[in-house]
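Open the model in your viewer and keep the selection tool at hand. The stops below follow one another.

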Amino acid sequence: MLSTLQPPRSLSLLPLRRFQSSRPIVSAAASSSSTISPPQSQILTTRRSLLSGETTAVEIAKSYLSRIRLTEPQLKCFLHVSENVLKDAEEIDQRIAKGEELGPLAGVLIGVKDNICTEGMPSTAASRILEHYRPPFDATAIKKIKELGGIVVGKTNMDEFGMGSTTEASAFQVTANPWDLTRVPGGSSGGSAAAVAARQCMVSLGSDTGGSVRQPASFCGVVGLKPTYGRVSRFGLMAYASSLDVIGCFGSTVADAGMLLHAISGYDRFDSTSSKQDVPEFQSQFLSVDHFESKPLKGVKVGIIRETLEDGVDSGVKSATQEAASHLEALGCILTEVSLPSFSLGLPAYYVIASSESSSNLSRYDGVRYGNQVMAEELNRLYERSRGEGFGGEVKMRILMGTYALSAGYYDAYYKRAQQVRTLIQKDFKAALEQNDILISPAAPSAAYKIGEKKNDPLAMYAGDIMTVNVNLAGLPAVVLPCGLVEGGPSGLPVGLQMIGAAFDEEKLLRVGHIFEQTLKGSGFVPPLLANVA
């Protein structure tokens, strides 16, 4: 049945390449295969195909909608698929016929995490309390995407209000990992990551508060890009923890994620935390592999974070990370080991700060101003029932934790101390990045785990964020890209390498990531669900 997903012959979508593997633990960097071509940009390929007349936007849209119909019953990536996809595609074809100029995202199908507001389309944050909410406006990121010709294909599933690491905390459904349908896709942006991995959309938007773009990117074998705090406007992003939240990007290649980031970046007067920092032309970093020198990253200083390869990290993840580091060294990088003394303090500090800010941000959902209302005769009872029936268990627990941390007598002991730890983490990163161009680590201590495996053990689930939360506390940019496979599932499970850069230095991260990806032999990370798609 999956063979029917094959697009029409005239459709110039990228061929889906399998990662060839027969060993229990496999690193792409160590693979001897050289027959698989480097991954390419679906955004650029789509643009070339449209402008050459090789295909139409409607044909592309129909192909992806067909793939969604066939794979969605198994994956459950989307909470809502737009009714306007074909209409939007027709408008692009009409503009081409008239010879009008096309935006850089023309014809690109984009999935959007359900906590990012889209005008006239359900935007629920995967919560019952917003079950029927359709915002009357677009988030700034969505507005920019539409202005550049992008087509929003639908709203993707997530952990309720972004609180979770598996997408099991959604009030509506559990999303499966395309690499193994019995495993989680990660979270909280699991729907967005799985949709890109399954080629249900070309790219997607997620949000990253403590790793919610990067961890699911690692679990699903796609690229996940978290920008510097302030690089992208948060206007229209439903707040979880305002000092940590950022909108991030998923793509099947570094180039796609980088071009999507460029499209949504820039200052926004509707967001007081957005930066006026200039946005570089990221596309200039995405050279063809034919233009690379023998040592294209010669002189780039790379620091391996010692604390991320110690006890608690699966051996397969360690091996894949170390071999990825060796691949960077082969490309000319200068590798050193760095220590972040405050690294282990990041996880508890993050959960205190995030829970405290969420208890404040979610107070607006009271059944009066926002959210579904449950009728009651007395006001306090109305609040109690509306919030009690509208919020899920994970959200309630974090609200209670945050309220406790902010309460009189505990503020100094918890919230204030967590902010002091945050300052230490920022100083440690600053010192390390003064000596290195980028830092690297695993994106998660393990590959994707089974659905239900950690649902009843929240501490074990929270520990899975240990590689990513410090980056949010420091407000730095990071990109995760697949670097190998470990044993598990029908044909192995992907492992992601995290690259961390200095503030507003996404350009360097994208350059290093693109070269790493293009020179990684045997690097077609396509899940077995799509094995029969040519």
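Which residues do ring pairs link into a cluster? Select Phe 161, Tyr 365, Tyr 370 and Phe 391: ring pairs join them into a cluster. Rings of Phe, Tyr and Trp (its six-membered ring) pair if their centres lie within 6.5 Å; planes under 30 degrees apart are stacked, over 60 edge-to-face, the rest tilted.

**Ground rules.** This is a predicted model, where local features need pLDDT of at least 70, side-chain atom pairs count only at pLDDT 80 or more, and totals for chains, interfaces and linings use all residues. Residues are numbered from 1 along each chain as its sequence is written, and side-chain values use heavy atoms, with hydrogens and water left out.

**Colour by confidence.** pLDDT is the predictor's confidence in each residue, from 0 to 100. The protein chain averages 91, and 92% of the residues score at least 70. Now select residues 1-35: the pLDDT there is below 50, yet the stretch has 95 contacts in the model beyond near neighbours in sequence. A contact means heavy atoms within 4.5 Å. Where pLDDT is low, the predicted coordinates should not be read in detail.

Centre on Lys 113, in strand β3 (residues 109-113). Strands (E, at least two residues) and helices (H or I, at least four) are DSSP runs, numbered from the N terminus. Lys 113 is buried, at 0% relative accessible area. Buried means under 20%, exposed over 50%, partly exposed in between (1.4 Å probe, protein chains only). Beyond four places in sequence, Lys 113 touches residues including Ser 188, Ser 189 and Ser 212.

Move to Ser 188, in the loop between β4 (151-156) and α5 (190-197). Ser 188 is buried too, at 1%. Its contacts beyond four places in sequence include Lys 113, Asp 159, Thr 167 and Ser 212.

**Back to the rings.** The structure holds 13 aromatic pairs. Select Phe 219 and Tyr 449: the centres are 5.6 Å apart and the planes at 80°, so the pair is edge-to-face. Phe 219 sits in helix α6 (residues 214-220), and Tyr 449 in the loop between β10 (438-442) and α13 (458-463), 230 residues apart. Phe 219 is buried at 1%, Tyr 449 at 5%.

Last stop: Tyr 350 and Tyr 351. This pair is edge-to-face, 4.8 Å centre to centre with 85° between the planes. Tyr 350 is buried at 4%, Tyr 351 at 8%.
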